[in-house]
Amino acid sequence: MKAAQINKYTKKVHAKITEISIPEISDNQVLIKTKAAAVNPLEILNITGAVKLIQDYQMPLTIGNELTGVIDKVGKNVQGFKVGDAVYARLPIDHIGAFAEYVAVAADAIWFLPDHLDFITGAAVPLTGLTAYQGLHEKLNAQAGQTVFIPGGSGSFGQMAIPIAKAMGLTVIVSGNAAAKERTLAVGADQFIDYKTENYWEVLDSVDFVIDTLGAAEFERELSIIKPGGRLLSLITGPNKRFAISQGLPKWKQFLFGLVGSKYDKKAKEKNIDYHFIFVQADGNQLKLVSEIIEKNKIIPAIDPSKFRLEDINQALELVEKGHPQGKVVIRFD
């Protein structure tokens with residue numbers, strides 16, 4: 001079968017199409033015939049080795065973190081799934097490889113593809129959906145009646161985070177591109193701030209939570225609008241000791257991440273705010289709950305109109321790294 005692989009970490013974001021064997025499955029896995037796989041900024045981090053302290057991979061590495069497909073084989077201990085089922089998944093961190101014609105996946109990482117989504121639109125759900133779910137429930141411990149602000153939330157993350165937050169009873173405020181305003185309000189946002197005409201830090205104050213999608217340059221502005229006792233959760237600014245402990249990383253990594261994240265922890269602590277970082281985990285049970293929310297609200301993620309096949313992987317990676325996608329970039333296998 002064909003797969004997109006790297007042979008080493010490299011600053012040049014480039015993958016090679018190679019022929020490898022169809023994987024054998026264990027008793028607790030299913031074999032998925034891939035229909036579509038989304039291309040995320042995480043792929044760039046995997047290729048460059050930017051997250052190798054969180055997860056270091058053996059080479060050669062088949063890249064790709066989320067997919068849709070049809071079950072081709074089922075391990076003898078697997079229950080609830082059968083050959084022919086349409087499923088989707090964020091692949092386990094230690095066993096990625098969505099950019100391949102067949103993928104062996106632990107059965108507890110997958111869930112059924114929602115009926116209102118096809119293989120293309122479904123490929124845009126698992127990574128961002130689980131990030132939002134885990135962030136809101138596990139990192140923020142958000143409760144009904146509280147307020148969350150998502151700067152840069154008019155993109156693919158916001159499409160999933162907004163309905164999940166609304167299902168929890170939260171008030172959701174988003175800043176982003178005016179072109180996405182109607183779409184963002186349609187999925188449930190209570191307030192939209194056009195970043196070109198308004199500065200969110202001049203408009204907002206005393207929110208309970210901020211989910212950062214913009215990075216370190218916005219850190220102090222984001223802190224300035226959070227009430228004392230609130231929390232700031234970042235998807236990209238950087239890990240800290242709390243994150244390393246939550247991931248069960250060894251003591252030396254806890255120490256290292258503690259050093260790296262200390263400046264963020266210090267600034268947050270000065271304002272009586274907790275800083276958290278997230279690296280999303282595979283979880284089929286949580287994906288089931290995400291699926292129920294997006295099915296109820298008939299959420300259909302925006303997909304970039306560019307059509308890529310596996311052989312076009314480097315063009316797709318370049319669009320994610322340097323371009324301006326109009327939705328999730330997806331590799332089509334059929």
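Which residues line the largest cavity?

1. The model is predicted, and local features are reported only at pLDDT of at least 70, side-chain atom pairs only at pLDDT 80 or more, while totals for chains, interfaces and linings use all residues. Residues are numbered from 1 along each chain as its sequence is written, and side-chain values use heavy atoms, with hydrogens and water left out.

2. The chain is assigned to domain 1 (2-124 + 301-332) and domain 2 (127-277), with bounds that come from an automatic or database domain assignment. In contact between them (heavy atoms within 4.5 Å) are eleven residues from domain 1 and 14 residues from domain 2. The centres of the two domains, taken over C-alpha atoms, are separated by 26 Å.

3. Between domain 1 and domain 2 about 1000 Å² is buried, with carbon and sulfur atoms giving 69% of that area; buried area here is the accessible area (1.4 Å probe) that two parts lose on being put together, summed over both. On the domain 1 side, Leu53, Ile54 and Arg90 lose the most area to domain 2, together 52% of what that side buries.

4. To return to the opening question, the largest cavity is lined by Gly153, Ser154, Gly155, Gly158, Gln159, Ile162, Arg183, Thr184 and Val187. A cavity is a set of points on a 1 Å grid over the protein atoms alone where a 1.4 Å probe fits but cannot get out, and lining residues have an atom within 4 Å of a point. A search of the whole structure finds one cavity of 30 Å³ or more, and about 30 Å³ of space lies in the largest cavity. Its lining divides into two nonpolar, six polar and one charged residues, where Gly counts as polar. The helix α4 (156-167) and the helix α5 (181-186) each give two or more residues to this lining, and α4 gives the largest share, three residues; helices are DSSP runs of H or I with at least four residues, and strands are runs of E with at least two.

5. The second largest pocket has a volume of about 290 Å³, a pocket being an open set of grid points with protein on both sides within 12 Å along at least five of seven lines. Of its 18 lining residues, Ile20, Thr62, His95, Ile96 and Gly97 lie nearest its centre. By class, eleven of the lining residues are nonpolar, six are polar and one is charged. At least two lining residues come from each of β4 (61-62) and β7 (102-106), and the largest share, three residues, is from β7.

6. Two backbone features deserve a check. A cis peptide bond, with omega about -5 degrees, joins Met59 and Pro60, and Pro60 lies in the loop between α1 (41-48) and β4. Asn141, in the loop between α3 (126-139) and β9 (147-151), has a positive phi of about 50 degrees although it is not a glycine.

Note on methods. Grid points are joined across faces, edges and corners, and a volume is the space filled by probe spheres set on the points.
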